[in-house]
Amino acid sequence: MSPYRHSSFWGFIVFNIYVLVSGDGGNLTASEIPPLSSVVLSSAVFKPGLGSVLSLNLLSSFPEDLEISDYCSELLHIFGQRYVAYVNCLVPAARPVKVCQNCFSSYGSLTEIFSNISSDQVGPGNVSCRDSLLRSDRLMLVYELYENLKVLWEKSDCHNCITKGFQNLTSDTLHFMTILNQTLTCFEQYQQKNKTELCTNCKTDYKNLNVLYGGMEKNKTMCIDIEDAMNMTRRLWSKNFNCSFPREETVPVIAVSSFMLFLPIIFYLSSFLHSEQKKRKLIHPNRAKSYSSLMNIQDNRS
Amino acid sequence: MANITKKVSWSSRADESGATGEGTPLLNGSEQPRHSRQDSLRGRPKEIPHNEKLLSLKYESLDYDNIENQLFLEEERRMSHMGFRCLEISRWVVCGLIGFLTGLIACFIDIVVEELAGIKYQVVKENIEKFTEVGGLSISLILWAVFNSAFVMVGAIIVAYFEPIAAGSGIPQIKCYLNGVKIPRVVRLKTLVVKVGGVICSVVGGLAVGKEGPMIHSGAVVAAGVSQGRSTSLKRDFKIFEYFRRDTEKRDFVSAGAAAGVSAAFGAPVGGVLFSLEEGASFWNQMLTWRIFFASMISTFTLNFFLSIYHNKPGDLSNPGLINFGRFETESVAYNLYEIPLFIAMGAIGGLLGALFNVLNYWLTIFRIRYVHRPCLQVMEAMLVAAVTATVSFTMIYFSNDCQPLGPDHTEEYPLQLFCADGEYNSMATAFFNTPERSVRSLFHNQPGTYNPLTLGLFTLTYFFLACWTYGLAVSAGVFIPSLLIGAAWGRLFGILLASITTTGSTWAVPGKYALMGAAAQLGGIVRMTLSLTVIMVEATGNITYGLPIMLVLMTSKIVGDYFVEGLYDIHIKLQSVPFLHWEAPATSHWLTAREVMSSPVTCLNRIEKPAKLCGLILRSQLIVLLKHKVFVELARSRLTHRKLQLKDFRDAYPRFPPIQSIHVSQDERECMMDLMEFMNATPYTVPQETSLPRVFKLFRALGLRHLVVVDDENRVVGLVTRKDLARYHLGKHGLEELQLAQT
């Protein structure tokens, strides 16, 4: 009886505060403020929000057994820090895409702390943080946050470019990067001069790069960084420098195809003229001696 | 001794050995001179060029009617209750086997085509890439053309020289078989082998064809072979399923085989059953439906299972048919009420284009029958078509400026870059430089914007004429996939245009959806199948939501198309001069009576009185067996221990009865008598002379008759109606017309 009352009471307070906070947020988003000032404002509004959370903490605390342990809150804190670090790394690496090569180490530490949180093993004080942090509520915030980044990581295929344990870039990737740099330097070198010169002089580099990329494509050892870099290089090569193959041999192709198209005409003409037309012998079936049917049909026709 | 009556109508003269030899009467050679005198009186037989208004003597009816003679009754009496049970079980076993083997064949065709086509496209692709760089693309063009011609040459040679009946899709032939026409050699093992080899060659050879139609024929051959428990070609008799060695049982199994073929081709078991129902609808019972469904299911399951092993995913049963339309995702599936008129309009376009296709193909086929009838010419023609197909495809790809970026998941199997920027591919090449099945799938499922309208328009145009030109060549190949492809291309074009001219169109006019409707419309406009095609399309897309639109589209295209010309299969049946009985007698034929329809006089075998009263009916094939076994009354008297002829002896001779020339009847034996009492069917169906044509027609169609005896008031035989007597009336432009009989 009494614990039930307790909980409902706490629930009531939390609900009140929630309404307060969310009301603030609602006001903020609803009002149309120019983007620049919104940054300022939001930080201003954020503070009272933080304050209210603090005040909630001060105001009340859950009984011992429901509270998370210090160890777990420590883990949570570290998770937050690493999360922020990773996101901070990701955003500037969005364009041109360098998310794998720049941020793999911070992702590594993030996974490390998450695996600590989600591991079965009990920390000091005989507590496992997995249940209390990851799945004690509907929102499952920590889990969802981590899961989002994990999806991003998987989508970008970064694991193909990074060695096991997030130590370093793979040698393939490094090799690719060197060749890529070589090609780009070559581009830069000739860019000012003649475009056709660029096409002839950088061809070997570019071709090597293409071959390498083709091989990696086949082995499925590419990540988004490599794909994006290659796409950009290809676009430079074909669109900016216009080095694709020109359509040059229109005449021989037309000649050969019109010859081919001419053949059936000859064939049909010759078979029409020379082949003996197939004739069918008509057979007269035995019928009863009455011509009424034939006459009827002829009547019908006329 | 009983009255012995025997009839030979001209219809049964049509054996393979030709009619002159067959003119020899069965027993007394004295009739021969009289016969020739008659001929000379009529003058020399008229010769005319082949046209559609002929009936060939080559075709006979199948004997669907049970011959209830004394032997039959005796055997039935001897058979225990258990025996009948076993028969029922063995029917199920046979159906299971049919499904299994059909699935295996489909699987074999699919794998071989995929491998060979893979090699071909890989080689050509590498060649093109090489020559794009250094120049000399015309050499790639020649290489491609030579590849195609070489494959097609092999396919055409085996068809033209070894088994001409295996040409085409085989659906018209199976349609005729289920209708009750005995097409010579249509369900033989040799046909199957040639068919399978031929279809592989023609698909790999890059012709505008599909491998789905031949699957139906293959299924039918498998069924006819398995159910007999022996192979006459291999001279092996397994001594099983002997009871099934007659036309009635065989027909049931053949319809199961056709269903299994459809089911393997499209992954549509229900569609297969309905196909058999639609094409062979006159003879049907519920138990048979259930068995056929079983065969279909087994067939699609077998294909699925073995393909999953081939794709290294054993147990993953997601390849139900040879053609896989792929799954339509949920958001693009939705269609709105206001789209239905658009679909109907597409149906009308499909009907028009289908009619155009059929008319063009009709003229082409007539030309082919008249002028391109020598096997070597046929092979050359097929090779030319293959070379031109490659040339046209190459030219289209070469001059196309439609470049699209390579997708992340590489839906294009053999992307050709040619003159596109690096990282892009030529969009025309996905349509042309690919097996037709893959092209259909990419038209259905690629994202909006993958093809630009000009590409689609040009593709539709060229592929339409190529497909029309290809159908009817001496290669075994189907018309389903090309029609689907043409339809999918213009349907997608329709969708794209719709999206661009309407303001909100880009949200609801998903090109893939319109591609599907276009494909249905085009296919419906060409083959004019209704019920089964709807179900096949619904099943192949795995999407029941599209049921209504597809049905409306097919209905419209059939109505519009029928206004101009018949379906492609019906045209080809007509051009082959097959005595095909349609669902109904021609409309204005009630004034025709049996007297006018029948053949007369009938050769009657009798001893006692003349003209004889009807006692029974005996078939030519039975007489031949009797003569072969020398069942003469005199011999039986002299040898008391003479073995009695059993039904088994007739079954052993089935289905290749020897021609009459191979039976030796000595001079003495010509004087002998034969007692036909036991062997004849004592209760044949008869009609009085005044019966109208539609009534006779109904009897034929519903009972699957082969002969119908016309008798007068005193039960004397005055004539005999056979299939050809009925099939010669048809409703033409000027009312009722009569087809002429000809020797082909």
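Trainee: How many residues of chain B are in contact with chain A, and on how many residues of chain A do they sit?

Mentor: Contact here means heavy atoms within 4.5 Å. By that rule, 71 residues of chain B are in contact with 51 residues of chain A. Before we go on, keep in mind that this is a predicted model, where local features need pLDDT of at least 70, side-chain atom pairs count only at pLDDT 80 or more, and totals for chains, interfaces and linings use all residues. Residues are numbered from 1 along each chain as its sequence is written, chains are lettered from A and ligands numbered from 1 in the order in which they are written, and side-chain values use heavy atoms, with hydrogens and water left out.

Trainee: What area is buried between chain B and chain A?

Mentor: The size of an interface is often given as the accessible area lost when the parts come together. Buried area is that loss for two parts, found with a 1.4 Å probe and summed over both. Between chain B and chain A about 5600 Å² is buried, and carbon and sulfur atoms give 60% of it.

Trainee: How many salt bridges and polar contacts go across?

Mentor: A salt bridge is a side-chain nitrogen of Lys or Arg within 4 Å of a carboxyl oxygen of Asp or Glu. The count between chain B and chain A is 1 salt bridge. That one joins the side chains of A:Lys239 and B:Glu424, at 3.4 Å from N to O. A polar contact is a pair of N or O atoms within 3.5 Å; within protein, one must be able to donate a hydrogen and the other to accept it, and residues adjacent in sequence count only if both atoms are side-chain atoms. The rule finds 11 residue pairs in polar contact across this interface, both residues at pLDDT 80 or more.

Trainee: Which element gives the largest share of chain B's side?

Mentor: Helices (H or I, at least four residues) and strands (E, at least two) are DSSP runs, numbered from the N terminus. On the side of chain B that touches chain A, α14(B) gives the largest share, with 12 residues. For the classes, Ala, Val, Leu, Ile, Met, Phe, Trp, Tyr, Cys and Pro count as nonpolar, Asp, Glu, Lys and Arg as charged, and the others, Gly among them, as polar. That side of chain B divides into 38 nonpolar, 18 polar and 15 charged residues.

Trainee: Is A:Asn210 buried or exposed, and what does it touch?

Mentor: Buried means under 20% relative accessible area, exposed over 50%, and partly exposed in between (1.4 Å probe, protein chains only). A:Asn210 counts as buried because its relative accessibility is 17%. You'll find A:Asn210 in helix α9 (residues 203–219) of chain A. Leaving out residues up to four places away in sequence, A:Asn210 touches A:Met230, A:Arg234 and B:Asp422.

Trainee: What about the domains of chain B?

Mentor: Domain bounds come from an automatic or database domain assignment. For chain B it gives domain 1 (7–19 + 581–742), domain 2 (83–310) and domain 3 (330–402 + 436–575). The centres of domain 1 and domain 2 of chain B, taken over C-alpha atoms, are 34 Å apart. Between these two domains about 1600 Å² is buried, with 38% from carbon and sulfur atoms. In domain 1 of chain B, B:Arg651, B:Tyr654 and B:Arg656 lose the most area to domain 2 of chain B, together 45% of what that side buries. The count of salt bridges between domain 1 and domain 2 of chain B is 0.

Trainee: Where do salt bridges turn up, then?

Mentor: B:Lys513 is in helix α20 (residues 511–527) of chain B, while B:Glu339 is in the loop between α12 (330–333) and α13, 174 residues apart. Both B:Lys513 and B:Glu339 are buried. Another salt bridge joins B:Glu690 and B:Arg595, at 3.2 Å between the closest N and O atoms. B:Glu690 lies in the loop between β9 (686–688) and α29 of chain B and B:Arg595 in helix α24, so this pair ties together parts that are 95 residues apart in sequence. B:Glu690 counts as exposed, at 53% relative accessibility.
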